[in-house]
Amino acid sequence: MKELHLFIIWDNAQYKKNEILADIENTFKTVKIFNIKWNDEYFSSNLTRFYGTNLPKNSFKEKECGMGRFTLVLVEDDNPLYEERETISRGLETVNTKMFDAKSKYRKWTGGGHKIHATNSIKETKHDLMLLLGKDYDGFINQTNKDDLGEINLDTNLLGCIQWNSLEELFKVLNESINYVVLRNFDGMPNQYYLDSHGDIDILTDDLENIIHLVNAKPVFKEKYRVHFSVKINNFLVRFDFRYVGDNYYDKKWQENILDTRELYNNSFYIPNKENYTYSLIYHALIHKEKLGVDYHKRISTLIHESDIHIILEKLKDYLKNNGYNFSEPKDLTVFYNYKLLNYSISKKRELFYIYLNMRKNLSFLKIILLLVKKKLKRIIKWVLLIK
């Protein structure tokens, strides 16, 4: 079955463009050619998001690629062959050998380095195509107007460069690029960003760094263990919590299963299947909260037809045991861990963190008392002076 792939001839490889295009035509069927110019101000941001790793202004990669207009070549491979090859960034990987070998050849032609980019798999093509052109893979490969091979000039940045036009647009990029689920409170999405008191969008992924770059997220807090970010959507800052496999927010094995069995919701974004949704919600409501909220209690009662908290907890324990999952203490110290409900112990780090929170709470209370006393004394002094 034919596959859609792409090459990028970065600015610093343009001197070999004609030779590369001629060689591509001998091996693949050229579909479209675009000459794209990113805004200089956002070039490093675009490069960071495209490659999924932090590439600040004037990085080696930026200097190697060049910041001028680059050429995007979309091709079809009618007879793809996959084998394992050693890649520079990800080690041994199963790749489309024709694409991989062509990329290696063109890199040699242009003096080595990364002045040529090419996709090794359909997954990589989906990611690149959506970010670069805002097009999904299936729609593009089935299009009919492939006869016009005239080169098209585009002055545009990656999708979501400055902000997202909508949450739906953001999800389109995630759907083509990364493994994720929206964990809960997704009723009304993507049109509605907030649900009652649950203002954050809670996402689980297996690639934290990449999703942060993809959605152009900015950290809300300085602490590195915090995963609370803001994303600009249609002139609003929308808050996200990015949970990731191995962060102990849920058992790692369970997190992997949630992602492996995810389902597309309203043809728009991915959510856990019904079973994982139900028990991850119970877990969140009982273990990540100091007490079970009224809204969660009502929702859980509807899902499992049970309202007694003790019975709900036992059902959760049975579910975890039957699936080989465990209760886990989150690495993010700001996530509440209801260890007393489970009669569990906690790490020394979390114990010290709770001590610190109590001290801060007590100091805040003391400050309020002192402030009230100060105001009271001022009133007394003023009253005494008036009498005199």
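**Close-up views of a predicted model**

**View 1. Lys2 is partly exposed, with a relative accessible area of 37%, whereas its salt-bridge partner Glu76 is buried at 3%.** This is a predicted model, in which local features need pLDDT of at least 70 and side-chain atom pairs count only at pLDDT 80 or more, while totals for chains, interfaces and linings use all residues. Residues are numbered from 1 along each chain as its sequence is written, and side-chain values use heavy atoms, with hydrogens and water left out. Buried stands for under 20% relative accessible area, exposed for over 50%, and partly exposed for the range in between (1.4 Å probe, protein chains only). The closest N and O atoms of Lys2 and Glu76 are 3.8 Å apart, and a salt bridge here is a side-chain nitrogen of Lys or Arg within 4 Å of a carboxyl oxygen of Asp or Glu. The pair links distant parts of the chain, with Lys2 in the segment before β1 (3-9) and Glu76 in strand β3 (residues 70-77), 74 residues apart; helices (H or I, at least four residues) and strands (E, at least two) are DSSP runs, numbered from the N terminus.

**View 2. Asp155 and Arg69 meet through their side chains in a salt bridge of 2.8 Å, N to O.** Because Asp155 belongs to strand β7 (residues 152-155) and Arg69 to the loop between α3 (60-65) and β3, the pair ties together parts that are 86 residues apart in sequence. Asp155 counts as exposed at 62% relative accessibility, and Arg69 is partly exposed at 30%.

**View 3. Glu83, Arg85 and Asp101 are linked in a network of salt bridges.** The structure as a whole holds 15 salt bridges.

**View 4. Helix α7 (residues 167-177) is largely enclosed by the rest of the structure, because eight of its 11 residues are buried.** The buried residues are Leu167, Glu169, Leu170, Phe171, Val173, Leu174, Glu176 and Ser177.

**View 5. Leu352, Ile355 and Met359 form a nonpolar patch on the surface.** Together these three residues have about 300 Å² of accessible area, calculated by the Shrake-Rupley method with a 1.4 Å probe, only the protein chains shown counting as cover for residues. Ile355, which is found in helix α14 (residues 348-387), counts as partly exposed at 42% relative accessibility. Patches are made of residues with over 30% relative accessible area and no salt bridge, like charges being joined within 9 Å and nonpolar side chains (Val, Leu, Ile, Met, Phe, Trp, Tyr) within 5 Å.
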